[in-house]
Amino acid sequence: MVLRAGGDYPELMTDIFDVIADGTRRDILQLLLRRTAEGDAGTSVSHIVADLGISQPTVSKHLKVLRDAEMVTVREDGQRRFYSLAVEPLEVVDDWLVPFLVDAYGDDAPDIEYPVAPLPDSAAHAAEVVGRAAASAKHVVATALKRLGA
């Protein structure tokens with residue numbers, strides 16, 4: 001993190017705001033989010049062109065900006081490229097922004113629903129295993145602390 005005038009926030013966050021400031025890029029991100037929620041493993045440039053009704057060169061220009069900002073990933077399949085949403089940069093913004101919402105709303109913060117794609121069975125199983133291991137570790141630590149009188 002880099003300290004800037006006005007606060008402490010991630011170095012690349014300004015660039016992320018610049019990227020998402022453009023309406024066409026926001027439309028592309030929304031489309032990729034929707035397609036991910038529908039279970040698609042990537043969206044072709046031609047699908048983006050058809051869905052958004054903008055030219056292929058314009059879509060390609062905006063996808064390059066999104067790729068450079070690491071907000072999308074690309075998978076090549078022969079001559080075709082399939083784009084998917086990469087949420088990590090937006091999570092940085094979210095992590096930075098949430099304390100402001102909590103401070104502003106306190107316990108009355110509005111619930112935000114996010115469209116979530118179902119996890120593949122293997123990922124769901126892995127998440128369950130990790131969750132159980134974390135719960136077990138928490139129990140062991142809590143028990144040890146009780147025995148120590150802490």
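**Exercise 1. Find the residue that caps the N-terminal end of H2, and describe H2 itself.**

Solution. Start at the cap. Asp22 caps the N-terminal end of H2: one of its side-chain oxygens lies 2.9 Å from the backbone nitrogen of Thr24. Helices here are DSSP runs of H or I with at least four residues, strands are runs of E with at least two, and both are numbered from the N terminus. The model is predicted: local features need pLDDT of at least 70, side-chain atom pairs count only at pLDDT 80 or more, and totals for chains, interfaces and linings use all residues. Residues are numbered from 1 along each chain as its sequence is written, and side-chain values use heavy atoms, with hydrogens and water left out.

Next, take the length. H2 has 15 residues and reaches 21 Å from its first C-alpha to its last. That is close to the expected 21 Å, which is 1.5 Å times one less than the number of residues.

Then look past the helix. Gly39 follows H2, and its phi is positive, near 95°.

**Exercise 2. List the buried residues of H2 and say where they sit around the axis.**

Solution. Buried means under 20% relative accessible area, exposed over 50%, and partly exposed in between, using a 1.4 Å probe and protein chains only. In H2, the buried residues are Arg25, Ile28, Leu29, Leu31, Leu32 and Arg35. They sit on the same side of H2, because they cover an arc of only 160° around the axis. The arc is taken from the directions from the helix axis to the C-beta atoms.

**Exercise 3. Work out which elements build the largest nonpolar core.**

Solution. Such a core joins buried Ala, Val, Leu, Ile, Met, Phe, Trp, Tyr and Cys residues through side-chain atoms within 4.5 Å. The largest one has 17 residues. Leu29, Leu32, Ile48, Leu63, Leu66 and Met71 have the most contacts inside it. Two or more residues come from each of H1 (13–20), H2 (23–37), H3 (45–52), H4 (56–68) and strand E5 (80–85). H2 gives the most, with four residues.

Now follow Leu29. Leaving out residues up to four places away in sequence, Leu29 touches Ile20, Leu66, Met71, Val72 and Leu85. Contact means heavy atoms within 4.5 Å.

**Exercise 4. Is Ser44 buried or exposed, and which side chain does its own side chain contact?**

Solution. Ser44 is found in strand E3. Ser44 is buried, with a relative accessible area of 8%. Its side chain makes a polar contact with the side chain of Arg80, at 3.4 Å. A polar contact is a pair of N or O atoms within 3.5 Å; within protein, one must be able to donate a hydrogen and the other to accept it, and residues adjacent in sequence count only if both atoms are side-chain atoms.
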